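Please read the points below with the model open beside you.

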Amino acid sequence: MATQKSKVSAKEAWGVREEGKDWKFDRRMAAHLYRRAGFGATSEALDAAVKMGMEKAVKGILNPGAGEGGVNLGAFEKETAELGAMAMNTGNVHNLGAWWLHRMLGTPDQLQEKLVLFWHGHFATSAAKVTNIRMMKQHDELLRKYAKGSFRKFVQAMSKDPAMLFWLDSTTNRKIRPNENYAREVMELFCLGEGNYTEKDIKEVARAFTGWEVRRKKFVFNKRQHDEGEKRILGKVGNFNGDDAVRIILDQKAGPRFIAKKLCRYFVAEEPELGDGVVEGLAKVIRKHDYEMGPVMERLLMSRVFYSGMSVGRRVKSPVEMAVGLLRSLRGSGSTTELDRALARLGQGLYYPPNVKGWDGGRTWINSSTLRGRANLVGKLLGEKGARFGMRRNRGLSRVAAGAGVDGAEGLVRWVYDLLLAVEPPGDVTKGLVKLAKGIKDGDERVRKVVHAVGTLPEFQLA
Amino acid sequence: MMKKATRRAFMKGTGGAGTLFAMGGMAPHFLVGTAEAVSKGKAAEEKGKGDHVLVVVQLSGGNDGLNTVVPVGDDVYHKNRFITRIRKESAIKIDDYHGFHPSLDGFGKLLDDGRLAVLQGVGYPNPNRSHFVSMDIWHSARPGASRRTTGWLGRYVDGTSGRRGKRNDVAGIHLGDSRQPLALAGTKVQTPSIQSLEGFKLHTSGDGKLKKAMETGAKVNRAGGSDLLTFMQRSTASAMGSSERIQEALKDYEPAVKYPNSRLGDQLKTVAQLIEAGMTTRIYYLTHGGFDTHANQAQTHAALLKQLGDAVSAFCFDMKKRGHDKRVALMSFSEFGRRVKENASRGTDHGAAAPLFMAGGAVKKGLIGKHPSMTDLDQGDLKFHTDFRKVYATVLDEWLGYDSRKVLGGGFGKVKVFA
Amino acid sequence: MNCLKVLGLSFALVLGMGELVRGDVEETANKRSALEVLPGSATVYLEVKGFGDLMKLVSESELSKTIQALPQFRQEFNTKILGLKFGLAIFEQAVGMKWDKAMGSLTAGGMYVTLDVNTNVVCLMMKADDGGKLKKIRDGVLAFIRADADRKGNADPIIEGKYRGIKTYQVGAMGFATAGKWLLACSDGDEGEAMLDRLLDGGKGSLGMSKRYQAARKMDGGKTTMWGYVDLEAVRKWGKAEKLFVGKTDNPAAEMLVGGIMGNLKYAKYGTVSLNADMKKNKLTLRMALPHNEKTLKEREFFFGAGGEGKADEALAVKDTAMTLTMHRDTAEMWLSAEKLFDERVVAQMTKSETDLGIFFSGRKFGAEILPAMKPKMQIVVSRQRYKGLGVVPAIKLPAFALIARVNDDAKKLQRELEVGYKSLMGLLNLQAGMQDRPQFDVTTERVAGGGRITTAEYLEEGEGKREGGEIYYNFSPTMAAVKDYVILASTKELGRELLEKVMKRKKAAVSAFNTEMRIYADVAAAMLRDNRNQLIAQNQLNEGQTKEEATDEIDGMLKVLEAFKGAAIELKSSKAMMRLEVSASMKEKKVGE
């Protein structure tokens, strides 16, 4: 594919991609967009996107009023809120994971869920330590509130989140002996990255956060413990409190660069990662919009580099993306509690990030054990008794394919490629799949086996 | 004999036409290429320590070392353990001073066969008597740290992640529930937790055609593809390959010895099967729990030691019969030992130094180091003389062939535990 | 002229004799009972006397209609039922009668089946109400089979024959014959002929003559809708059903509940099984009986009591009881025989738990010291919670349950010791409360009239006023009560108190007629589920991936089915000679005008 080879210079990287001789917003590009900005899309959605063009499609992602198949966002939110409350009642965080998967599968606002997943990894807080389900839910709601919004407000609110403070052993911070845990992490993990602050800065930021406590699972500002003295943080001097400290930290040049690098790795390319020059371009965008994620994402999703060979197929699908993407593109649904368990076994337990750094992604998802697990999960999702493909009960995979206008064995294989793959497999592989398809009489089984086989291809693991 | 059968299977899989992979057909050129490369790699690995395996059996709860390797020849022991002591007549004799707990006839057999090393007095300075802290210390090899996020084996696996080669079997496997032990936690590589051999099967719902399509999909060379794609293709092919290998090996598998009917026995049997199937996994980690015997110690301890001794000896003799015993070593440790003086509930409380066991065909048999003094104690507990990091260093340098200083953050000297 | 006359006379004679013979056959046949005809080597025998009733139950009862209306049912069985209906329509056409009338007619005198597991031979007999109707049905079916084969272009699949004057038909593997009101069928030619012999000559080698059968009939030969007999010794010899005869369960809980039955199955020579559909009482009862064996009585003395005569206490019931279970079990004996009953792993586990439990009993051994001080009677009660007067009502409403045991008369001190152990446990839970995000328990002991003591652990409340939607742990207020020789361990204060009062009122521990008695009250069980309807629907959505409508339909359907029941019971009666297990379910009566 021509796109695979296409490169973009740092200067041109973030300009809006325009249709022309060497690039068209076709089904493959639309699939790439929906795969990265959300969790995949159905064949009909791809057709609709191609029709409306790239810019409208991106705008539609950022403002999903009426979703696909007429699912109204408001109605969906109401229903999932009820479901969430019931999941909370059980006290079992794994049910929350199942609830989140339910959201990912059905929500019209795909970018929201993708960003929440991104931020969940960024502000990695694990229920293994934060065992109280209400605290985790509150943390989750914080992620949802600011996912597409102001990162500044996000960090300030996160600095007061009981779950986060409990997770980082920062539930008390005394004047006489400031607790440096949160101060270190907010700079190292959340805003600047290593090397962009000194140990002294950590001590001073810790002083700014004195008096910030969690009592009885709620955030409390203990004035008596707050150090009212002058602090020197990253070159600025004054009687700073926690909110001020966050402001100063995010004002650093390293801030937007740090976030840009993460966004590039998560949404654009993991291997090879985008060069510093290109990343700096996105950092400029973040600075320009003062950390407002909405406009930044819009720029990213319309950019030349996003649709170039530097991005397409340059990421490894995380277990969640792999499974949810498979189901969504085929209008599928199944047991989300089972899926949550299976994804944990593949290394991505929702609400249970392995450590403070979240999930590294890229090649770390892949080893012989997880590859087998992924292949088996694909088979299970397709063949499981409760699995449903199509809008009403008993609709079946063959009808989903027929509804999308699929005709013949080659047509079927191409259709599956469009939905699930970022990179075209070699001709011999395609031949083998067509042969497989031709040899199966039953419609449902034919689609199922082809999807299963495609789901075990190396290409399938690439986003 | 079983050994020959698997060698034959290996020959099939490592050269030319008729490989395990090709189903009823000739192997196309590009497949032969990959297969040859694999066989070359294997030959290189077999020469050095590249194929040594370490099986770790963690005894959780604080095993009472004094009642495991019993100083039956010491009156002080008998005086302090009036009710819970092991009498000289019932102990399995090691020498005039030492004896094994009567349930450890498995260890006795291993010792007689020259396959067991008992390192005495293992511990670390400023012993911590909390289960969680002490276990974390043993796992991370960082007694002084305030925050421990990685384990010694995790660091080893991270350090060797570049050397995985074409086969790419997971470097370490934890057999047990889904919570990964800290010892295996690394920053780069994930070690899976597997409950049973089911986790190694690639399900194709018995459809041969589907299987063939999957295999073609994985094996075809991705010429001109990105590095990431090439990595993905190789990993997929290798994953399918090892799944095949294991299924093949399991088909003909007949246990060479009888494993005891216990969870530990089952798990060690699984490890034996995986080793036999030719997995290039280096580390297998198992836990055997319940050793926190504060009250009514006698029966529980006896039952647990019986399970340990029987399972470990079955495993070692199995490895011996299959010819793997020179490259497989089993290490068993506990987070601390127990107090010299028994308590009032016919049990014992948390202590410090304890023995560590190393089993296999390559170990230096017998007792290594003297038994800690029964009178010169540290707050009522035995004093250690061998820092556990020495043992780790020896294992890393001499057994796994990796620079221990990188893992332990310094040199700790060695212990002569391998022959 | 003479030859012709002789021929003609002989002919007439033969014809005449033929008539005579035929009439005889019918009379003889009609007089025979199935037991005189079926083979004595049968391993399994089943007789169905009320086939019509059973059919009515399946097709017309309320329960059946409710089940058929369930969406899951329709999804699973729709195609199969359509196929069945189609088949029946064809049958009706061929036979000229409605299928249920035809079946009713065919089986009016009973249906009898035997199976021999060693030879795989099946024998079947049906007695019709009228020989003529039987013939009509037979001819209709035969004609249909022939016509069908003809249509498909196949040869006539029916092989006709004659045996001792009786017409025989063979279709596929089965051979049929009719004689009088009897329809006989057999999957083996030789056996079929032997059956006809017995029909004509008498029951030598018949089932009725089998000693084992006779013993079984004597033990428990009921007048039920369906009754069966199994030659267990033969099944054991057959060797392919080993799992049934293992004689042990590797699970102490299962051993407690059904160990005795498993043990009996291992040794009993024969057993009986029956199913009775009582249309008046709307009750369906499944019964199984096994003779006791010395070995069983000895091995499982803890279960059946000395000489098999162990009887449970009468069940205690409180308001809103969902289930009661009362048993005679000597748990101390069971613990002692652990090595004989369970495999090494379970025994090792039991040893370990004994050590662990020692913490609560100041080092005393649970199995060796505590259990022997208890009487071999225990009860479990499960009831629905109402949450009256509580500060926090949990979102998920769990039932309250209690265990009721009795201490030996010489071990009254044990009650106090158990109370202390229980308080230690509550203390331990309180220490863990902070780590597990629970409030702490407030533990109080109260003395009650009659020398009783009740200790409750209630959650300390934070706020004021009633709160709904509380955490799941608000379902518990663990309570321990002791009075007379009773020890009550309940999950809630309310249940504990209710049971205490009931026990105090009791004059003397009334004895149940059964060794084990369990009763389920469907109304209450359904109400308990209804209390959690929204939660069940949400859980269904997450667990099964269904939409809200689909989940609602499924849950509501299940509730409807449950509400069609009145209750269920499991009763195990044991005497020196035998044990009898009855499992029954009763349905609600149809309301007038519904």
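The numbered notes that follow concern a predicted model.

1. Helix α11 of chain A covers residues 180–191, which is 12 residues. From its first C-alpha to its last, α11(A) reaches 16 Å, close to the 16 Å expected at 1.5 Å a residue.

2. How many of the 12 residues of α11(A) are buried? The count is 9, so the helix is largely enclosed by the rest of the structure. The buried residues include A:Y182, A:V186, A:L189 and A:F190. A:E185 and A:E188 are also among the buried residues. Buried here means under 20% relative accessible area.

3. What do these buried residues pack against? Their partners are α7 (110–122), α9 (151–158), α10 (162–167), α12 (199–208), α13 (242–251) and α14 (254–268) of chain A.

4. Both ends of α11(A) have a local detail. At the start, a side-chain oxygen of A:N179 comes to within 3.0 Å of the backbone nitrogen of A:N181. Just after the helix, A:G193 has a positive phi of about 85 degrees.

5. Next come backbone angles in loops. Most residues other than glycine have a negative phi, and most peptide bonds are trans. A:D169 is not a glycine, yet its phi is near 55 degrees. A:D169 sits in the loop between α10 and α11 of chain A, and its 45% relative accessibility makes it partly exposed.

6. C:N120 also has a positive phi, of about 60 degrees, without being a glycine. C:N120 belongs to the loop between β2 (111–116) and β3 (121–127) of chain C. At 58% relative accessibility, C:N120 counts as exposed.

7. Is the peptide bond from A:E271 to A:P272 cis or trans? That bond is cis, with omega near -5 degrees. A:P272 is placed in the loop between α14 and α15 (276–288) of chain A.

8. Chain B gives 40 residues and chain A gives 35. Between them the two chains bury about 3,200 Å², with 62% of that area on carbon and sulfur atoms.

9. Across this interface there are 2 salt bridges. In a salt bridge between A:K449 and B:D207, the side chains meet at 2.7 Å, N to O. The interface also has 5 residue pairs in polar contact. On the side of chain B that touches chain A, the elements giving two or more residues are α7 (208–219) and α8 (227–251) of chain B. The largest share, 12 residues, comes from α8(B). That side of chain B divides into 16 nonpolar, 16 polar and 8 charged residues.

Terms used. Residues are numbered from 1 along each chain as its sequence is written. Chains are lettered from A and ligands numbered from 1 in the order in which they are written. This is a predicted model: local features need pLDDT of at least 70, side-chain atom pairs count only at pLDDT 80 or more; totals for chains, interfaces and linings use all residues. Side-chain values use heavy atoms; hydrogens and water are left out. Helices (H or I, at least four residues) and strands (E, at least two) are DSSP runs, numbered from the N terminus. The expected span of a helix is 1.5 Å times one less than its number of residues. Buried means under 20% relative accessible area, exposed over 50%, partly exposed in between (1.4 Å probe, protein chains only). Contact means heavy atoms within 4.5 Å. A polar contact is a pair of N or O atoms within 3.5 Å; within protein, one must be able to donate a hydrogen and the other to accept it, and residues adjacent in sequence count only if both atoms are side-chain atoms. Buried area is the accessible area (1.4 Å probe) that two parts lose on being put together, summed over both. A salt bridge is a side-chain nitrogen of Lys or Arg within 4 Å of a carboxyl oxygen of Asp or Glu. Ala, Val, Leu, Ile, Met, Phe, Trp, Tyr, Cys and Pro count as nonpolar, Asp, Glu, Lys and Arg as charged, and the others, Gly among them, as polar.
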